[in-house]
Number of protein chains: 2
Amino acid sequence: MQRLRVASKNFPYDVIVGRGAWRVLREFPQDGYTSTFILTERGLWRRWGKAFCRASGLRNPKAVWVPEGETSKSLRMVERVASQLLAEGADRRALLIAFGGGVVGDLGGFVASTYMRGIDYVQVPTTVVAQVDSALGGKTAVNVGAMKNLIGTFYPPRLVLAEPLVLSTLDPRAFRSGLYEVVKHAILAGPSLFNQLERCLDSFRPADAGTLGPILARAAKVKVEVVGRDEREAGRRRVLNLGHTFGHALEEATHYRRFLHGEAVGWGMLAALQLSQRLGLLGAAEGERIARLICRVGPLRPICDLMPTRVLNLLRRDKKAVGGRIHWVLPERIGKVRIVADVPPRVVAAAFCDVQRADGHE
Amino acid sequence: MQRLRVASKNFPYDVIVGRGAWRVLREFPQDGYTSTFILTERGLWRRWGKAFCRASGLRNPKAVWVPEGETSKSLRMVERVASQLLAEGADRRALLIAFGGGVVGDLGGFVASTYMRGIDYVQVPTTVVAQVDSALGGKTAVNVGAMKNLIGTFYPPRLVLAEPLVLSTLDPRAFRSGLYEVVKHAILAGPSLFNQLERCLDSFRPADAGTLGPILARAAKVKVEVVGRDEREAGRRRVLNLGHTFGHALEEATHYRRFLHGEAVGWGMLAALQLSQRLGLLGAAEGERIARLICRVGPLRPICDLMPTRVLNLLRRDKKAVGGRIHWVLPERIGKVRIVADVPPRVVAAAFCDVQRADGHE
């Protein structure tokens, strides 16, 4: 079990990753709150609720149910959850625990940041993506129409508890999808974590909490360190968007149906590698080595049937674009990325076609 | 024209009150933004848009229309406004100008605080309440169901421009309603502003910007000073809720139809005076003197027909209640209030009946 401290502008908080993480809630001043609410999905809570309460010492939390899936990340759901919190007596000193994956975490964080202008919350991520990425760093969000995360806040949790045991009930595809984000963090972090993944990626199993714990902790640490230096994404934090520019466009082009988020980021990283090579920033051998690790995570659903013009048009609407300029996060080598604006559209198009072609030939 | 500086935790910003305030936007670094959007109501903008653009030097802002009335303070409207901003190309470096009264200001502030996790905004309040109160201090909010301001954020504007000229087109009732908040600030501030209001309250006219400007600036200063010491309402800022505990309950009991917000606060202050006297905190003569000034603002729609039990039940749901305890803001004398928790419900009920009885006898 590893304890990582996040130096947030508002207050520092701990991220606990590894076996036994849930127990740390016992050290948390639960008595300082007038009531405790769990925001979660029914099935997940049915499977893990008892174990969580036993480990954390939580007594009789009130549950607020959220339907599974991305559509729950909406302002309508914010309204529903807020109404229920109010009806059940949540005041400004209530505590919200977001127990779930990225959807529950992003929605829960947003509700916490706005309910009565802000209540405290704890993140208990239950997927790989959430444990190494989305539950860390205090970004909250809901979607508006087709636009992911259009509405959101920066609002740090009081505590993050990532217990790998809970991953054992993930379906294999969701589990693998999260590993793309682990690989992303390894590309950012450098040879040590990257080499480790090269050695043991194929042996990762959802039920093998003993092996996963230390890897997840290392991956989480990459994010914690970046966020500690740039909480509000003014500069350095943007490196975390590696693979996300193309990734978001692919998700949107397929109406969020074909890919899980991590899978889209997998494709996005492959495209970023091509782009970086075409711009002469990344050598062929290093690019090939990174691509190989990405591909080892698992089979990706195809992109060769997508209209390039459609995907390329969607890029321009990226939330990170400022004044119409896209800021690309491009690997230079393992452990080093560069942020590049003003990449000529034809080079972007060529890089995307490289990846589509490779997909078509497989 | 007076320039007040607010010491916000995030960054300091200026509140400009008085004739010529709009011109100050010329000093603002407008060129640092990729685009500028005006959130406003159609009729208001038709009447004042040209004058505002002329004074402020704003060129071709894109307008986002909000229907008049409290129902626009909703998450549905947030969604609509955000979608429109996105469609018209607003990115993270866009500027939003909220041009209107409390509804536009609260909604605009909330949209600004959450659109792409926060863009800059400027408040241009166009009602008395907004100029001396709601546009200052960085509280943003929307309503959920019948619960006012259930969802919101603390998010300071970059600049507040309060031009009294714009009050000339307010209807007389809305104008008077705002004066209750001015009186509230005088009760908090002390004899100097209070005496001034006693001398000249009856002479205030919507079109008399010359007289109003200095008074509004003094009233705004009261709020600015309180907020500067307690931005997040941890303690001192709660004094601004004088009259609001009963006020909110009265608004809710009448489904926000009978009273304008300031009018409900007027009744709320009368009830707070009775409560303070019943608790022995406020002398009869001083209480009488304050009540007289409140009543001079204008006729208030009746409350004598309302069921006391209904109003008293609604009090308990007040957003400011913590652990079921209501924190009352009670005047001790002009210039001094005390925050009192645990007032026995029967004393609260008696104070409310005092006010109802006085209403019935008029």
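Trainee: Which residues of helix 8 of chain B are buried?

Mentor: This is a predicted model, in which local features need pLDDT of at least 70, side-chain atom pairs count only at pLDDT 80 or more, and totals for chains, interfaces and linings use all residues. Residues are numbered from 1 along each chain as its sequence is written, while chains are lettered from A and ligands numbered from 1 in the order in which they are written. A residue is buried if 20 or more other C-beta atoms lie within 10 Å of its own, exposed if 12 or fewer, and partly exposed in between, with C-beta atoms placed from the backbone; helices (H or I, at least four residues) and strands (E, at least two) are DSSP runs, numbered from the N terminus. By that rule, the buried residues in helix 8 of chain B are B:H244, B:T245, B:F246, B:G247, B:H248, B:A249, B:L250, B:E251 and B:A253.

Trainee: Against which elements do the buried residues of helix 8 of chain B pack?

Mentor: Helix 8 of chain B covers residues 244-253, and it is largely enclosed by the rest of the structure because nine of its ten residues are buried. Contact here is a matter of C-beta atoms, placed from the backbone, lying within 7 Å. On that basis the partners of these buried residues, in chain B, are strand 8, helix 9 (261-278), helix 11 (308-316) and strand 10 (328-333).

Trainee: Which residue with a positive phi follows helix 8 of chain B?

Mentor: Most residues other than glycine have a negative phi. After helix 8 of chain B there is a residue with a positive phi, near 55°, and it is B:H255.

Trainee: Is B:M116 buried or exposed?

Mentor: B:M116 is found in the loop between helix 3 and strand 6 (120-125) of chain B, and its phi is near 50°, a positive value in a residue other than glycine. With 23 other C-beta atoms within 10 Å, B:M116 is buried.

Trainee: And is A:N60 buried or exposed?

Mentor: A:N60 also has a positive phi, of about 45°, although it is not a glycine. This residue lies in the loop between helix 1 (42-56) and strand 4 (62-65) of chain A. Since 8 other C-beta atoms lie within 10 Å, A:N60 is exposed.

Trainee: With which residues is B:E70 in contact, leaving aside its neighbours within four places in sequence?

Mentor: B:E70 has its place in the loop between strand 4 (62-65) and helix 2 of chain B, where it is partly exposed, with 16 other C-beta atoms within 10 Å. From B:S56 it is 14 residues apart in sequence and 28 Å apart in space, C-alpha to C-alpha. Leaving aside neighbours within four places in sequence, the contacts of B:E70 are B:V103 and B:Y256.

Trainee: How many residues does each chain give to the contact between chain A and chain B?

Mentor: The predictor gives the complex an ipTM of 0.93 and a pTM of 0.94. The contact takes from chain B and from chain A, in each case, 28 residues.

Trainee: Which elements of chain B give two or more residues to the side that touches chain A?

Mentor: That side of chain B divides into 13 nonpolar, eight polar and seven charged residues, where Ala, Val, Leu, Ile, Met, Phe, Trp, Tyr, Cys and Pro count as nonpolar, Asp, Glu, Lys and Arg as charged, and the others, Gly among them, as polar. The elements of chain B that give two or more residues to it are helix 2 (75-87), helix 3 (102-114), strand 7 (139-144) and strand 8 (147-154).

Trainee: Which element gives the largest share of the side of domain 1 of chain A that touches domain 2 of chain A?

Mentor: The domain assignment of chain A, whose bounds come from an automatic or database domain assignment, gives domain 1 (2-169) and domain 2 (172-219 + 229-361). In their contact, 25 residues of domain 1 of chain A meet 24 residues of domain 2 of chain A. The largest share, five residues, comes from helix 4 of chain A.

Trainee: What percentage of the residues in chain A is buried?

Mentor: Chain A has twelve helices and eleven strands, and its C-alpha trace spans about 55 × 40 × 35 Å along its principal axes. Of the 362 residues in chain A, the buried ones make up 50%.

Terms used: Contact = placed C-beta atoms within 7 Å.
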